[in-house]
Amino acid sequence: MSKQTESAAYHEVGHMTAAIVQGMPIRATGLHVDLYGNGCADYFERSAGDLSLAELDHRERKLTIIALYAAHMAQLKFYPECQQNGWRNDLEKINGLTREMHFSDEQAQKAQEEWRHRAEKLVDDHWPIIEELAKTLLAKTCTPILPEDTKWGIGPLKRHMPGPQIVEFFAKHNIRAKIIGDDVRDYDSTQDVPHYDSLG
């Protein structure tokens, strides 16, 4: 397996670790990577399109942006020469969420630099966990890619770590991970205390 392909696991684990330590719930489908450098981390992220401007809405946007940046930071930390094309979709999400906070271009650029820095610190602070989880995912026996996986992956095979296994993994590190159903589209993030305060 090439280092570029391996780096996809670090990318997805970066998403998942940032989400969990910030108190964001995950989905039961968990983590996936195919054999060509594509992957998916299924956690509850804020999607662009809801223009509500309450303080909680801004907080959820920021937590999601940090989780998006964390994936890229983890991939770069593992493989600084990694290809950048897999990062474009995350960057589009970041830009969409940033625009909803009504910053000027200058303010948006400054805010994104700050969130990127916070994501980099989160990754550095949790690197042993990220590295262990990525290696665990990469050691999984390959299973067939399912029809629903074709939205993110290609080829016949993938490596998969379902949500309950991820919960068990983080419990070993005294970090609580919470699974919510696939049908849940609105989630009150104030009900959970984060393990790591990325916004403090």
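First, the ground rules for cavities: on a 1 Å grid over the protein atoms alone, a cavity is a set of points where a 1.4 Å probe fits but cannot get out. Grid points are joined across faces, edges and corners, and a volume is the space filled by probe spheres set on the points. You're looking at a predicted model, where local features need pLDDT of at least 70, side-chain atom pairs count only at pLDDT 80 or more, and totals for chains, interfaces and linings use all residues. Numbering runs from 1 along each chain as its sequence is written, and side-chain values use heavy atoms, with hydrogens and water left out.

**Cavities.** Select its lining (residues with an atom within 4 Å of a point), which includes Met24, Phe44, Arg46, Leu63 and Tyr187.

**The largest pocket.** A pocket is an open set with protein on both sides within 12 Å along at least five of seven lines. This one holds about 1,300 Å³ of space. Of its 44 lining residues, pick Cys40, Ala41, Glu45, Asn89 and Lys93, which lie nearest the centre.

**Two helices.** Now show helix 1 (residues 3-21) and helix 2 (residues 55-78): their axes, lines fitted to C-alpha atoms over the stretch in contact, come within 7 Å and cross at roughly 145°, on a scale of 0 to 180 degrees between N-to-C directions. For the contact (heavy atoms within 4.5 Å), select Tyr10, His11 and Gly14 among those in helix 1, and Ala71, His72 and Gln75 among those in helix 2.

Notes:
Helix = DSSP H or I, 4+ residues; strand = E, 2+ residues; numbered from the N terminus.
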